[in-house]
Amino acid sequence: MNSVLQTLYFTSQLRKAVYKMPTEGDDVNKSVALALQRVFYELQTSDCAVATKKLTKSFGWEALDSFMQHDVQEFCRVLLDHMENKMKGTCVEGTIPKLLEGKVCSYISCMNVDYESKRSESFFDIQLNIKRKKGLLSNLLKDYITPEVLEGDNKYDAGSYGLQDAKKGTKIPKVPPVLYLQLMRFQYDPLMDMNVKINDRYEFPETLDLTEFIENQTEDEKFSLFAVLVHSGDNHGGHYVAYISPKLDGKWFKFDDDVVSKSTRTEA
């Protein structure tokens, strides 16, 4: 939880929108928005470690829940949903999707007849499969958009066209200004009948050019690496830390709960 809060806090446009959420008259024990405002304010003004007890209480977490490991993606999604709902009808309505929402299009295109099925949907993160894959982040993105060929016993049922050879894949029509990429390190192992963690090494640059991965893109889509959330441990438990470059100036810091220390680009 702390690693997500620290990352969101240093997303300046999001932090400014959080301060503008109307919380007058909110229940101090149940308002997630008010509790988040307090955490952000204390992070900005205090020289001491900031407690998150009131925020966890607003989620309905008891003391034991606060010490349990919560999935970063799940916690982030729940928190952003709370914020987005609170911003409706205010001057900051739409801030969350404007900053974090992109579009993907899933499709199945027949290879020998003129038939295609497609579905567009929004995303707040792109989940990259890393099982049996190693190397650069760009290779994982190429794998994400590379279509699977449906043929042989796995042909696609194209309705009146019958069973057809087809390509099944995903296109990315739009990426948001702040892009969250998740490496899917926890995956189900049928032999062990449990989720296992994949600890393979992956490399990613400080500047990522996504132009070739975005459908019909005519302008450069380059992203600067802002934060890296790292999990240590296994699927039964562990700990998250965040490496953040708050000003995107090459200076990195490690946020490990209440301990903040200088870091290096290589470590991040």
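This is a predicted model: local features need pLDDT of at least 70, side-chain atom pairs count only at pLDDT 80 or more; totals for chains, interfaces and linings use all residues.
A cavity here is a set of grid points where a 1.4 Å probe fits but cannot get out.

**Entry: cavities**
I asked for cavities of 30 Å³ or more and got a count of 1. The largest cavity holds about 40 Å³ of space.

**Entry: helix 1 on helix 6**
Next I looked up how helix 1 (residues 2-9) sits against helix 6 (residues 72-87): the angle is about 50 degrees and the axes are 9 Å apart. Helix 1 is therefore oblique to helix 6. I noted the crossing of these two as right-handed. On the helix 1 side I found Ser3, Val4, Leu5 and Leu8, which meet Val72, Phe75, Cys76 and Leu79 of helix 6.

**Entry: helix 2 on helix 3**
Helix 2 (residues 12-19) packs with helix 3 (residues 32-45) at about 125 degrees, axes 9 Å apart. That angle makes helix 2 oblique to helix 3. Helix 2 crosses helix 3 in a left-handed way. From helix 2 I listed Arg15, Val18 and Tyr19, and they meet Leu36, Gln37, Phe40, Tyr41 and Gln44 in helix 3. My class tally for the contact of helix 2 with helix 3 reads 5 nonpolar, 2 polar and 1 charged.

Definitions and conventions:
Residues are numbered from 1 along each chain as its sequence is written. Side-chain values use heavy atoms; hydrogens and water are left out. Axes are lines fitted to C-alpha atoms, for helices over the stretch in contact, and angles run from 0 to 180 degrees between N-to-C directions. Helices (H or I, at least four residues) and strands (E, at least two) are DSSP runs, numbered from the N terminus. Angles under 35 degrees count as roughly parallel, over 145 as roughly antiparallel, 65 to 115 as roughly perpendicular and the rest as oblique. A crossing is left-handed if the near helix is turned anticlockwise from the far one by less than a right angle, and right-handed if clockwise. Contact means heavy atoms within 4.5 Å. On a 1 Å grid over the protein atoms alone, a cavity is a set of points where a 1.4 Å probe fits but cannot get out, and a pocket is an open set with protein on both sides within 12 Å along at least five of seven lines; lining residues have an atom within 4 Å of a point. Grid points are joined across faces, edges and corners, and a volume is the space filled by probe spheres set on the points. Ala, Val, Leu, Ile, Met, Phe, Trp, Tyr, Cys and Pro count as nonpolar, Asp, Glu, Lys and Arg as charged, and the others, Gly among them, as polar.
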